[in-house]
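Open the model in your viewer and keep the selection tool at hand. This tour goes stop by stop.

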Amino acid sequence: MDLAEKLVLVTHFLGFAALFGGAFVQLRDDVKVVNASMLYGAMTQVVTGVLLVGLLEGQDEAVDNAKVGVKLVVALVVAVLCWANRSKDGVPAGLFSAILLLTTADVAIAVLWT
């Protein structure tokens, strides 16, 4: 794994941390919002995920396209949900839960899908 790939991977992890952390800190709040951390974390996840796949394929490493496709769809859904609700004063609890659940599912897919 070269330096560029490692740096993109670290940025990918930081995007997850921002997205998950931005949502997690609001669990006790009565009114939940899509904060900047969630929005930029979701967008970082999508961009760095695509970059990681490109770097791996550029090095002729095997990439599980089904896994990557599922992760990309989930990440895009989260990013679109965050983008569409970014300026609202509050989001429904179900929508907020969906964002948090899909974010967690994306990590589970990354770790558990072998």
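Helices (H or I, at least four residues) are DSSP runs, numbered from the N terminus.

A word on the model: it is predicted, local features need pLDDT of at least 70, side-chain atom pairs count only at pLDDT 80 or more, and totals for chains, interfaces and linings use all residues. Residues are numbered from 1 along each chain as its sequence is written, and side-chain values use heavy atoms, with hydrogens and water left out.

**Stop 1: helix H1**

Select residues 3-24, which make up H1. H1 has 22 residues and reaches 31 Å from its first C-alpha to its last, close to the 32 Å expected at 1.5 Å a residue. The expected span is 1.5 Å times one less than the number of residues.

Which residues of H1 are buried? Pick Glu5, Val8, His12, Gly15, Leu19, Gly22 and Ala23. They cover an arc of only 130° around the axis, so they sit on the same side of H1. That arc is taken from the directions from the helix axis to the C-beta atoms. Buried means under 20% relative accessible area, exposed over 50%, and partly exposed in between (1.4 Å probe, protein chains only).

The face turned away from the buried side carries the exposed residues Leu3, Leu7, Phe13 and Leu14.

**Stop 2: the rings**

How many aromatic pairs does a search of the whole structure find? It finds 2. The rings of Phe16 and Phe20 have centres 5.5 Å apart and planes at 25°, so this pair is stacked. Rings of Phe, Tyr and Trp (its six-membered ring) pair if their centres lie within 6.5 Å; planes under 30 degrees apart count as stacked, over 60 as edge-to-face and the rest as tilted.

Phe16 and Phe20 are 4 residues apart in H1, about one turn of the helix. Phe20 is partly exposed, at 26% relative accessible area. Go on to Phe24: its ring centre is 5.6 Å from that of Phe20, with the planes at 20°, so this pair is stacked too. Phe24 is partly exposed, at 48%. Ring pairs link Phe16, Phe20 and Phe24 into a cluster.

**Stop 3: charges over rings**

Select Arg86 and Trp83. Arg86 lies over the face of Trp83, 3.9 Å from the ring centre. A charge sits over a ring if NZ of Lys or CZ of Arg is within 6 Å of the ring centre and within 35 degrees of the ring normal. Finish at Lys32, which lies over the face of Phe96 at 6.0 Å from the ring centre.

Technical notes: Helices (H or I, at least four residues) and strands (E, at least two) are DSSP runs, numbered from the N terminus.
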